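Hi everyone, thanks for coming. Let me put the complex up on the screen, and then I'll walk you through the parts I'd like you to look at.

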Amino acid sequence: MAAPTSLPPIAYPGLPLGPSTAYTPGPGTHLHAPSSTIHASLAGRPVLTPQKPPASNPTISIPRLLPPPARAPVPSANVGNTNTLPRVGSVVLCRVVRVRTRQVDVVMLAVGREDGGGGEDVCGDEWQAVVRKEDVRATEKEKVVCGDGFRVGDVVRGVVLGTMSMWLFNDDGDVGGAMADVVQISLGDQSNYYLSTARNELGVIMARSEAGNTMVPISWKEFRDPITGERESRKVAKPF
Amino acid sequence: MTDRRRINGPLGGTAPPVFVSSLTSKTTSPAKRTRAPDELRKIFLKTGLTPSASGSAYFELEPSTPTAASECLASKAPALKLTCTVHGPRPLPRSAPFSPQLLLSTRIKFAPFAARQRRGYIPNVGERDLAAHLETALRGVLIGERWPKSGIDVVITVLEGEEDNSWNKGQSGESGRTGGWGMMSILSGCITVASAAIIDAGIDCIDLVTGGVAAVVRQPTAPPQVFLDPCPSDHEEIFAACVIGYLQTRDEITELWTKRSIMASTDDNRANTMEFEPLVDQAVEAAVAARLVLIEAIKESTEVKVQTSQFGHPKNAAS
């Protein structure tokens, strides 16, 4: 997918990129309704992605850029101070901070990339999320006991639920057109995202025993401490 | 209650002694504007200077009348130096009510050494007023719907603020204090630097917002005229001034702040009636000029980021 010469190498917010009759606005761009022109809304390099057959117009998008490695707190490429908001269906890594009877409070540490290339964006701040009791596993939901599935400090892989997803539109219809397919966010409750671990590959991926040793998974519901030999119950994620 | 944990500077003014000989030598050469009426001071703008923030920028206006260093150590034409850091988008505190949009909070703080008169650490009314103006200017460009349940903090520190009266004028207690006309230039600079920092942080904006100032100024021999980017110490008297936050692509205004009445300038010379709209138009022109600097600064930092991210992510390099 070679970028056509019409797209500028570097875009900055407000720069017109093309008419909405020829292109579809993607992430990092917005539609200015009165002039029906797609404008950039981030600074970066615009990318053109051809659409699947029913929609004929190619999508213009501007990938969000990370700060140069020299500025990143850890000299690895994907760590930044900028947060990536999780979207519906994003696979996230989180840490358990509190276990209650009806839900497990967790904080998100990293959000998986959705471009199919794998890898995660590390969150600069900890975003709050909860795994509700009914989202812990897919079967026998009524028999779930949160305390048997998670312990404080466990690292959990979960997926962001889309049941509460909202379609956002602007009042004046200005950037709303672009919003519809750009943003689809599970809003959960006022401050939490809702996560689910109801899949084989989701659940606790790292846990420490009461003795403080890193444990190894031995079944779909148990971890074992290799030193003391004690077993502890968890909702174990299937190792890849 | 005194602060016992830090070593603070003296609370009162700490103006260095001005000796009679240098005072007289300076009063003979009052500051004069050497720029053309439509010429701005040179702007220095660079993004990404604070590693711990998600976005940052530094803004500087050169002193309008550079004085020879040998003349007097203390006599320095006022410059404007601002640093801006953007933190976030970060999650809202647990106690905060639900917000479907990005919550913007702005803070402007003058460094204690920003002006000749030292300041305290407690924010005063003027700083809060500037922050409120900045917030209106920025709220119009952010696409807040893309960041629900999150907030950003825009923090600006004024390292050197413009003074209303230059050193050359009276040495009374009033001089050396920021406020009044100097605030207009500071706000204009704040808008530009905050815009650069927000874009550096990778937050969606509809356009670049830049600030511009224009003022109606008394002239010794000619009727009052509109000057772009006025430096208060260059002019004998400013009748009215206007700050604008302007989006050029859309031809929209997010912030407009005018001070004093233009009618004041027409009182003594009724033949030359000044109007409000030309003043605003001139402020827009100043904002458009500042935008060129902003674009260059953004392009420069974006190119660096594009190159480094290509090495970082093999996927991007392939596309």
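Over residues 313–319 of chain B, pLDDT stays under 50; pLDDT is the predictor's confidence in each residue, from 0 to 100. For that stretch the model has eight contacts beyond four places in sequence, a contact being heavy atoms within 4.5 Å. Residues 166–178 of chain B also stay under 50, and there the model has 38 contacts beyond four places in sequence. For chain B the mean pLDDT is 81, with 77% of its residues at 70 or more. For the complex, the predictor gives an ipTM of 0.79 and a pTM of 0.82.

A word on conventions, please. This is a predicted model, where local features need pLDDT of at least 70 and side-chain atom pairs count only at pLDDT 80 or more, while totals for chains, interfaces and linings use all residues. Residues are numbered from 1 along each chain as its sequence is written, chains are lettered from A and ligands numbered from 1 in the order in which they are written, and side-chain values use heavy atoms, with hydrogens and water left out.

Now, salt bridges. We count a side-chain nitrogen of Lys or Arg within 4 Å of a carboxyl oxygen of Asp or Glu. How many does the structure hold over all chains? The total is 23 salt bridges. As background, side chains of opposite charge can pair when their charged atoms come close.

Let's start in chain A. E126(A) pairs with R95(A), and their closest N and O atoms are 3.1 Å apart. E126(A) is in strand 9 (residues 120–132) of chain A and R95(A) in strand 7 (residues 91–99) of chain A, so this pair ties together parts 31 residues apart in sequence. E126(A) is partly exposed at 40% relative accessibility, and R95(A) is partly exposed at 31%.

Over to chain B. K46(B) and E300(B) meet in a salt bridge at 3.8 Å, N to O. K46(B) lies in strand 1 of chain B and E300(B) in helix 5 (residues 276–312) of chain B, so the pair ties together parts 254 residues apart in sequence. K46(B) is partly exposed at 34%, and E300(B) is partly exposed at 49%.

Then there is R90(B) with D153(B), where the closest N and O atoms are 2.7 Å apart. R90(B) is in strand 3 of chain B and D153(B) in strand 5 (residues 150–160) of chain B, so parts 63 residues apart in sequence are tied together.

While we're in strand 3 (residues 80–91) of chain B, look at P89(B). G88(B) and P89(B) are joined by a cis peptide bond, with omega about 5°. Most residues other than glycine have a negative phi, and most peptide bonds are trans. On the phi side, D229(B) has a positive value near 50°, and D251(B) has one of about 55°. Are these two buried or exposed? D229(B) is buried, with a relative accessible area of 8%, whereas D251(B) is exposed, at 55%. D229(B) lies in the loop between strand 7 (225–228) and strand 8 (238–247) of chain B, and D251(B) in the loop between strand 8 and strand 9 (252–259) of chain B.

Finally, the rings. Charges first: the charged end of R132(A) sits over the ring of Y194(A), 4.1 Å from its centre. K149(B) lies over the face of Y193(A), at 4.1 Å from the ring centre. The rule here is NZ of Lys or CZ of Arg within 6 Å of the ring centre and within 35 degrees of the ring normal.

That's my tour, and I'm happy to take questions.

Terms used:
Helices (H or I, at least four residues) and strands (E, at least two) are DSSP runs, numbered from the N terminus. Buried means under 20% relative accessible area, exposed over 50%, partly exposed in between (1.4 Å probe, protein chains only).
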